Amino acid sequence: MIILLVLGSFFCLICAEPRGVEPPIRVDLQPPEETQTRSARNVQQNWVTMPVDHFDPQNTETFQMRFMYNEEFFGGNGYPIFILVGGEWTIVEGWLRAGNMFEMARENRGYQIYTEHRYYGQTLPYRDFTTENLQYLNVDQALADLAYFINEMKKQPRFADSKVILYGGSYAANMVLWFKQRYPHLVEGTVASSGPILAKVDFTGYLEVVHEAFLLEGGEQCIATIKQGIEDTILAMQTEEGKRELEAAYRLCNPIDYNDRFDLGYFSGLISWSFSTSVQQARPGTLLTICNDFASETYGVTPMQKIGGYIATTRSLGNSCWHMEYQGILNAYSGNTNSRAWYYQTCTEYGYYQTAPTSGTVFDPLVWLSVEFYVDICKRVFDERFDEAFVYDAIDRVNLIFGGLEPKVNNTINIHGYIDPWRALGVYDRDLTETSPTYTVTRASHCFDMQGWLRTDTIRMTNAQQAARRLVARWLSNT
Ligand SMILES: *[C@@H]1O[C@H](CO)[C@@H](O)[C@H](O)[C@H]1NC(C)=O
């Protein structure tokens, strides 16, 4: 009994570690639920040798690029290849054992592959992510990796006549669309799920969709509670008593520095990033449940306590507390991690900075979530030269090269969820071209179509997934 008590308090010391948060700029999707148990041998992995720099023939350095494959449905010589394109995350086997691309492979007797993006997971041109070593991390190199990879596969006689289909979600949706545009001779068609194809520094549209999603799914009452909670939080910063109430409501380890705009930026992030993470991962019913929990005082009594409790609950804070010093977020980007690699890409290619809107949303008061805040991280984590002018130029370059919201691309299925915050940087209200249709689905969120069938899916979600499968099958049957 005594031993249990001692053990218990020991574990609580561990679980009381102060915690930080990261912005949901980087996406890492959970693999689809598997409908049947399968042998782990279905999915295997291998490596291919890749040039570090595809655009300088004098540079002959190479690295090993990882990929996974599943041949269980493969019909033999000339049957198609389906490639799930990895983005800013570590590839995992589950994506070749279920989901919409898995169904496509089953229906068309295809060979399934999942490629890992350079600088993520185990595909590492360099172990050490110094700013200097990150110079070969960009989408142009990553698309060339894919081209080399497909060419390498096609050298096998069984694939010589195989058509290739690419499927990608989020940043990897941009990749497949841009790949089809740049290397049309290498792929038959692509499926782009939730692609934010317009690079943008001051991305206020993101939190605008988060607001709209809570309004559509949860109603006016819910929005009123969130609005009051955030306004009360800002008001509490004006008095000493209010500050102590705020720190208790949000489970902060220490008082924040209320004079430091970057500490306040980080604290504003704790709030907005929690709401946006819920929206980004929402399925029908998820947001309504949160709103019902606000109404029934599950998370707390006052509006401010409700928000603090909601954040602690949805982020499984347990007995620990939030550590909201700006230095904490800088430390989170200092290791050799996927997070650091992706933040580098936001500074040098995409921006995607989820700033406070000024259009009457509940998030408008969080003014410290500014371009200055996000770009300061670029400067401190990578290089003093990565200032606002640098980042704006970098974003312009990407939009110039790929065409922003006007890509000229054939055979690309462009899918969006209407309540997905990333939808605001995609083309969701018209077809891309005559051969590249758009499906935007109400109540759906980020990359919903990549999953397998779920009990909570609406008919429209299922229809969009089926439409994509039908069009892919048609591309493959054309000779
Ligand atoms: C798309 O296909 C149409 C019809 O075949 C063709 O005229 C057009 O040039 C193609 N566009 C691109 C960007 O390949």
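Which residue just after helix 7 takes a positive phi? The residue is R251, with a phi of about 55 degrees. Helices (H or I, at least four residues) and strands (E, at least two) are DSSP runs, numbered from the N terminus. The model is predicted: local features need pLDDT of at least 70, side-chain atom pairs count only at pLDDT 80 or more, and totals for chains, interfaces and linings use all residues. Residues are numbered from 1 along each chain as its sequence is written, and side-chain values use heavy atoms, with hydrogens and water left out.

Helix 7 spans residues 240–249, and its buried residues are G242, K243, L246, E247 and A249. Buried means under 20% relative accessible area, exposed over 50%, and partly exposed in between (1.4 Å probe, protein chains only). Seen down the helix axis, the buried residues of helix 7 fall within an arc of 165 degrees, so they line one face; the arc is that of the directions from the helix axis to the C-beta atoms. An α-helix has 3.6 residues a turn, so residues three or four places apart point the same way. The exposed residues E241 and A248 sit on the face of helix 7 turned away from the buried side. The cover over the buried residues includes helix 6 (220–236), helix 8 (261–280) and helix 10 (303–314), where contact means heavy atoms within 4.5 Å.

Helix 5 (residues 205–218) and helix 9 (residues 286–295) have axes that come within 8 Å and cross at roughly 80 degrees. Axes are lines fitted to C-alpha atoms, for helices over the stretch in contact, and angles run from 0 to 180 degrees between N-to-C directions. Helix 5 and helix 9 are therefore roughly perpendicular, a term for angles of 65 to 115 degrees. In this contact, A213, F214, E217 and G218 of helix 5 meet L287, L288, I290 and C291 of helix 9.

An open sheet of mixed pairing is formed by 8 strands in the order 1-2-4-3-5-6-9-10. Two strands pair if DSSP finds at least two bridges between them. Strand 1 (44–51) and strand 10 (438–441) are the edge strands, each pairing on one side only. Strand 1 pairs with strand 2 (residues 62–70) in the antiparallel sense over 8 bridges, and N46 stands opposite F67 in strand 2.

Helix 4 (residues 171–182) lies across strands including strand 5 (164–169), to which helix 4 runs at about 145 degrees. Helix 15 (residues 459–477) also lies across strand 5, and runs at about 170 degrees to strand 9.

Notes:
Parallel < 35°, antiparallel > 145°, perpendicular 65-115°, else oblique.
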